[in-house]
Every structure is written in structure tokens, then in C-alpha cells.
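User: I am new to this structure and would like to learn how to read its side-chain contacts. Please take me through them one feature at a time.

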Amino acid sequence: KTVEYLAYDKDEISYYLKRFDTVSVREDYAVDSFRENFNIYAQRVLDPVFLCDIDKYKALASSYIDETEKQMFAYILDMNNEISESLKALGDCLGTDCFVISDAEKIQGRPNCLIEKWLAKIIKCKYMITDSFHGMCMAILFNKQFVAIKNINRGGERFDSLLGLFGLKGRLIQKGDYSNMKNILFEKIDYNRVMKILETEKARSKEWLYNALNNESLTIVAF
């Protein structure tokens, strides 16, 4: 992602960043941006949602989990008529209902639900469609067959970065290009491979966090 900074802004931001003992970022492009603009070595780590034990999420959602539920779940931040119609058509094609939660106040007369119920829907759904970065994180964490709609208005580059890390860029579609969602859902993700990458990245991210919290020697100024 390209951001233009005034020379004064660069110097001021760099000054304050260097007052931290260490800095982490989630995306590959941010590592380059920090080095080039602020002379800061930022370590790429996983988003914190990946570091929490999955059983804690399940415990949080336990009261709302329906063991018989196997429907399609859509978590859409920026709903529009085209997405809504595409989800209905996809559900009809798959022979399943689609439960939708949106960032809007209401979607199809249904108010947004509690976070515990949101988690339960992710845990038990068979397929998931989302334009949310964290929705995508949770889909990966719970090994779901999913499609991610690249949400430019909410940081599209982070979709590329995370999916690239796990070798899942084929799950990403552009807004307006909904015709291939069924085919993508039917291309089964090899979660044995994905989980091996996740475990390696979790260990590396936790090590960084441990060192940062315990004042271990970490390089912050780039050379």
C-alpha cells in the first residue's frame, strides 16, 4: 500500500515510533513501509485472534451452538443488493439457507446478534462468505470452506497479505465478481497444510510477544 508522507510528518512519526522498544505489524507491505518511511524494523506477526486458544472461543459460544446446524453463513460488513441477491442465489444452488449478519443496523429485518452467537454461526456453518478481514481470520481458524470478498474500503491489502501467507489467494474475489463463489467453495481447502503454517506462525508470533513483554533485546532501528 502506498502512502505519501510529508518530510516533516515522516520525521515526527519516526521519532515517536523509535520511543517504543519494538513494533509489530500484521501485513508484509507494512514491514516495507515502516523501513522505507520511518527507518523502523517492524516484525510481521499474526493478528491476535489467531493466538487465542480455539477452545476459549468455543466456550464463549457454547450456549448458542446448534449441533444440527450446517447452513451457509455470511458475515458482510458492507451489504448491498447485489451481494444480498448473490447470497440468496448461492444458497438456493447449494440447497441450504444462508444466515446473514451485517455491519448494518439491520439486514432483512434481523438485528445484529451477540458476539457469542456470531462465533457459534462460524463454528457450526458448512460454508462461509465474508468481506471482513477478521471474519476471514475466523474462517481459517475454524477450518471453514470460505470465500473472501476483497473489501477495499476496509484495508484490501491485508486480505492479500493473510491469504498469501496461507497459500489461499484463490479464495479471494473482487466486489461485483460473485459468479464463481460456488466453484470456489467446492474447491476444498487442505487444512492439514494450512494448520502447519498456522502453528509455525503462532509460535513465532508468541515468541516475539514474549520477548517484547520481557524486554528482551529486539532491534527496532533499520540499517
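Analyst: Start with a definition: a residue is buried under 20% relative accessible area, exposed over 50%, and partly exposed in between. Keep in mind that this is a predicted model.

User: Where does Arg-26 fall, buried or exposed or in between?

Analyst: Arg-26 has a relative accessible area of 28%, so it is partly exposed. Its side chain meets that of Asp-47 in a salt bridge, 2.8 Å from N to O. The pair links distant parts of the chain, 21 residues apart: Asp-47 is in the loop between strand E2 and helix H3, and Arg-26 in the loop between strand E1 and H2. Asp-47 is buried, because its relative accessible area is 6%.

User: What is the general idea behind such a contact, and how many salt bridges are found in the whole structure?

Analyst: Side chains of opposite charge can pair when their charged atoms come close. A search of the whole structure finds 11 salt bridges. One of them joins Asp-78 and Arg-154, with the closest N and O atoms 2.9 Å apart. Asp-78 is partly exposed at 22%, and Arg-154 is partly exposed at 30%.

User: Which residue meets Lys-150 in a salt bridge?

Analyst: That is Asp-160, at 2.6 Å from N to O. Asp-160 lies in helix H7 and Lys-150 in strand E8, so the parts they tie together are 10 residues apart in sequence. Lys-150 is buried at 14%, whereas Asp-160 is partly exposed at 23%. Elsewhere, salt bridges that share partners join Asp-28, Arg-44, Glu-201 and Arg-204 into one network.

User: How should I read aromatic pairs, and how many are there?

Analyst: A pair of aromatic rings is described by the distance of the centres and the angle of the planes. The search of the whole structure finds 8 aromatic pairs. In one of them, the ring centres of Phe-34 and Phe-38 are 5.7 Å apart and the planes are at 80°, so the pair is edge-to-face. Both residues lie in helix H2, 4 residues apart, about one turn of the helix. Phe-34 is buried at 18%, and Phe-38 is buried at 4%.

User: What lies over the ring of Phe-99?

Analyst: The charged end of Lys-121 sits there, 4.1 Å from the ring centre. Arg-171 lies over the face of Phe-146, at 5.7 Å from the ring centre.

Technical notes: Residues numbered from 1 in each chain as written. Predicted model: local features only at pLDDT ≥ 70, side-chain atom pairs only at ≥ 80, totals over all residues. Heavy atoms only, no water. Phe/Tyr/Trp six-rings, centres within 6.5 Å; stacked < 30°, edge-to-face > 60°. Helix = DSSP H or I, 4+ residues; strand = E, 2+ residues; numbered from the N terminus. Buried < 20%, exposed > 50% of the residue type's maximum accessible area, 1.4 Å probe, protein only. Lys NZ or Arg CZ within 6 Å of the ring centre and 35° of its normal. Salt bridge = Lys/Arg side-chain N within 4 Å of Asp/Glu carboxyl O.
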